[in-house]
Amino acid sequence: MKRGLRTMQKLQQPQKLTKRLVESVTPQSEDVIIRDNELQGFRLKVTPTGKRIYLLYYRNAEGRQRKPTIGEHGKMTCEQARVIAKQWLGQVAEGNDPSVTKQNAYKALSVAELAEKYMRLHAIHKKPSSQEGDRLKTT
């Protein structure tokens with residue numbers, strides 16, 4: 001067994017990830033990681049609670065290890081996750097880092113934050129009645 005950052009993980013022998021294989025893996029007391037033998041870095045993680053998660057293991061241009069989550073089984077198929085993994089590996093080959101792109105998307109402003117910024121920077125140049133109308137639309 002190898003020790004992961006958060007939990008213990010049990011690595012299984014590489015196999016082609018298919019729907020049948022994904023659904024047949026039984027949860028254990030620690031995370032079970034199954035590596036795909038066709039697409040390097042494409043993996044399935046089965047948590048002790050039974051959650052099945054597709055992820056991609058790679059190293060970015062600086063050599064840092066990355067393991068971003070592609071998606072959860074059930075919300076996407078194994079083949080859909082494989083297509084995304086291939087796209088991400090293409091980005092890595094071009095020197096990009098899909099994990100950083102994903103993190104930046106989470107850091108983007110929410111609609112409420114954008115509305116507040118609009119009211120603070122742009123609505124102040126409007127008449128008070130228009131400001132009040134904009135304020136009602138943004139809440």
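The questions below take the labels one at a time.

This is a predicted model, in which local features need pLDDT of at least 70 and side-chain atom pairs count only at pLDDT 80 or more, while totals for chains, interfaces and linings use all residues. Residues are numbered from 1 along each chain as its sequence is written, and side-chain values use heavy atoms, with hydrogens and water left out.

Q: What makes a stretch count as a helix or a strand, and how many does the protein chain have?
A: Helices (H or I, at least four residues) and strands (E, at least two) are DSSP runs, numbered from the N terminus. The protein chain has five helices and eight strands, and their order along the sequence is β-β-α-β-β-β-β-β-β-α-α-α-α.

Q: What makes a residue buried, and what share of the protein chain is buried?
A: Buried means under 20% relative accessible area, exposed over 50%, and partly exposed in between (1.4 Å probe, protein chains only). Of the 139 residues in the protein chain, 33% are buried.

Q: Why is a set of residues called a nonpolar core?
A: The name applies because its members are buried Ala, Val, Leu, Ile, Met, Phe, Trp, Tyr and Cys residues joined through side-chain atoms within 4.5 Å. The largest such core here has 20 residues, and those with the most contacts inside it include Leu17, Ile34 and Phe42. Helix H1 (19-24), strands S3 (31-35), S4 (42-46) and S5 (52-56), and helix H2 (78-93) each supply at least two residues of this core. H2 gives the most, with five residues.

Q: Which residues does Ile34 touch?
A: With contact meaning heavy atoms within 4.5 Å, and residues up to four places away in sequence not counted, Ile34 touches Gln12, Gln13, Leu17, Leu21, Val25, Phe42, Arg43 and Leu44.

Q: How do you know that the buried residues of H2 line one face?
A: The buried residues of H2 are Cys78, Ala81, Arg82, Ala85, Trp88 and Val92. Seen down the axis of H2, they fall within an arc of 125°, so they line one face of the helix. The arc is that of the directions from the helix axis to the C-beta atoms.

Q: How do you know that S3 and S4 pair?
A: Two strands pair if DSSP finds at least two bridges between them. Four bridges join S3 to S4, so the pair qualifies, and the strands run antiparallel.

Q: What makes S3 mostly covered?
A: Four of the five residues of S3 are buried.
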